[in-house]
Amino acid sequence: KICVFGSSSPRTNEKFTKEAYKLGQGIARQGHVCINGAGMHGCMGAVNKGVTDCNGEIIGVSHELFRGGDHRIQNKIVCSGDDLSERRMRLIEQADIVIVLPGGPGTFDELWETSVYRILGLRGMRHIPICVVNIDHYFDGTIMQLQRAHDESLLYDVMEEYFHVENDVEAALAWSLAASDRFRQKQQQEPSNDPTGGGGDKWANAEGSETTQNNKTFY
């Protein structure tokens with residue numbers, strides 16, 4: 001299952017929605033399930049159109065705050081509550097891969113939260129590939145900010161451990177699937193008993209502990 005984050009705005013630039021549509025097609029044609037926020041417009045809507053045009057399967061995770069949603073989605077989960085935390089958790093809980101398309105603050109929120117879970121090994125995210133699709137340099141500022149944090153010694157690991165970057169959806173999907181396959185092969189060869197997904201011990205005492213261990217992902 002591939003979780004896709006991205007814009008839901010009907011004003012999303014066509015250069016982004018065209019790539020989103022191609023991503024939806026690629027996910028469906030390769031037989032994968034697409035999980036997203038059930039939006040009808042923007043990158044989300046374009047992904048959903050690409051998936052359905054190729055007879056693929058979508059799991060839409062929405063919130064009662066958002067009315068309507070994409071009518072093409074038959075399998076829809078509607079979350080409740082006074083924030084979006086349940087929705088974010090339901091989006092990633094079944095995901096084997098996360099791909100991030102251009103979007104606004106909601107997309108940035110989803111990207112940073114999942115990358116933090118990955119680096120900390122929470123919710124089984126340690127070995128879940130996260131790939132940012134930097135279409136037309138959209139995420140250059142985000143990448144520069146993370147690089148600045150690394151240069152200032154504010155990160156606990158190298159940038160690639162937070163997320164990977166590709167410039168188009170074909171490369172992003174190919175990289176993500178290859179990374180996921182490499183982890184599965186490694187897991188079969190060396191089964192782990194770590195319930196955190198591999199990152200827990202390294203970060204358990206991050207607030208000041210000098211204890212670290214070399215526990216990289218299998219990218």
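Modeller: Before we start, "buried" means under 20% relative accessible area, "exposed" means over 50%, and "partly exposed" is in between (1.4 Å probe, protein chains only).

Biologist: Got it. What kind of model is this?

Modeller: It's a predicted model, where local features need pLDDT of at least 70 and side-chain atom pairs count only at pLDDT 80 or more, while totals for chains, interfaces and linings use all residues. Residues are numbered from 1 along each chain as its sequence is written, and side-chain values use heavy atoms, with hydrogens and water left out.

Biologist: How many helices and strands does the chain have?

Modeller: Seven helices and seven strands. Those are DSSP runs numbered from the N terminus: helices are H or I with at least four residues, strands are E with at least two. Along the sequence they go β-α-β-α-β-β-α-β-α-β-α-β-α-α.

Biologist: And how much of the chain is buried?

Modeller: Of the 219 residues, 48% are buried.

Biologist: Let's look at H1. Which of its residues are buried?

Modeller: Phe16, Thr17, Glu19, Ala20, Leu23, Gly24, Gln25, Gly26, Ile27 and Ala28.

Biologist: How many residues does H1 have, and what does it span?

Modeller: H1 has 16 residues and runs 22 Å from first C-alpha to last, close to the 22 Å expected at 1.5 Å a residue. The expected span is 1.5 Å times one less than the number of residues.

Biologist: What's at the two ends?

Modeller: At the start, a side-chain oxygen of Asn13 comes to within 2.9 Å of the backbone nitrogen of Lys15. After H1 comes Gly31, with a positive phi near 80°.

Biologist: Are Cys43 and Cys131 buried or exposed?

Modeller: Cys43 is buried at 1% relative accessibility, and Cys131 is buried at 0%.

Biologist: Last one. What's up with phi at Asp136 and His137?

Modeller: Neither is a glycine, yet phi is positive: about 50° for Asp136 and near 65° for His137. Asp136 sits in the loop between strand E6 (130-133) and helix H5 (140-151), and His137 lies in the loop between E6 and H5 too. Asp136 is partly exposed at 47% relative accessibility, whereas His137 is exposed at 53%.

Terms used. Polar contact = N/O pair within 3.5 Å; in protein donor to acceptor, adjacent residues only side chain to side chain.
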